Amino acid sequence: AQLRAEGATRILLIVPKPLSGQWREELFTLFGVVAREVVVEARAFDGEGVFIVGREAAGTPAISGLIASYEPFDLCVIDEAHELFGGLHKRYDASGLEKTESTHAKTAARIREVIAGTPTLLLTATPMQNSLDELWSLVP
């Protein structure tokens, strides 16, 4: 709400699909913000507003390609970011190279490409041990 008051007109929320309705409802109830849940269609990201995309869909070629075809967002918020960008062993091999055939790595890479250059807020309520590896894994 603060960023919208400061002039942000396009905000992308990437959330676990089961939480998208809760996000939409709470944004409206708490801040009076009307958010749109996005489905794959030609004009899904037209105009200004708050757009909610399920995390599972955001990493698919169809949605990530659609997002990339629009003007950049002013902000991207990723809820439960640890589930998307965590899991170093799923995304990288022992030498630190990305596992290019890993589904987890492909999804994270597509979303990383979509949000490149966009201010991004990573949210997680999962307790972390704050090991450097665990924190590093969250960096998109």
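Predicted model: local features only at pLDDT ≥ 70, side-chain atom pairs only at ≥ 80, totals over all residues.
Residues are numbered from 1 along each chain as its sequence is written, and side-chain values use heavy atoms, with hydrogens and water left out. Local features need pLDDT of at least 70 and side-chain atom pairs count only at pLDDT 80 or more, whereas totals for chains, interfaces and linings use all residues.

Helices (H or I, at least four residues) and strands (E, at least two) are DSSP runs numbered from the N terminus, and two strands pair if DSSP finds at least two bridges between them. Five strands form an open sheet in the order β2-β3-β1-β4-β5, with parallel pairing. Strands β2 (35-37) and β5 (120-122) are at the edges, each pairing on one side only. From one strand to the next, the twist averages 20 degrees (axes are lines fitted to C-alpha atoms, for helices over the stretch in contact, and angles run from 0 to 180 degrees between N-to-C directions). Strands β1 (residues 10-15) and β3 (residues 49-54) run parallel and are joined by six bridges; Arg10 has Gly49 as its bridge partner in β3.

Helix α2 (residues 20-31) packs on the sheet and touches β1, β2, β3 and β4 (75-78), contact meaning heavy atoms within 4.5 Å. The direction of α2 makes about 165 degrees with that of β2. Gly32, with a positive phi near 70 degrees, follows α2.

Thr118 lies in the loop between α7 (103-115) and β5. Thr118 counts as buried because its relative accessibility is 11% (buried means under 20% relative accessible area, exposed over 50%, partly exposed in between, with a 1.4 Å probe and protein chains only). Not counting residues up to four places away in sequence, Thr118 touches Phe73, Asp74, Leu75 and Cys76.
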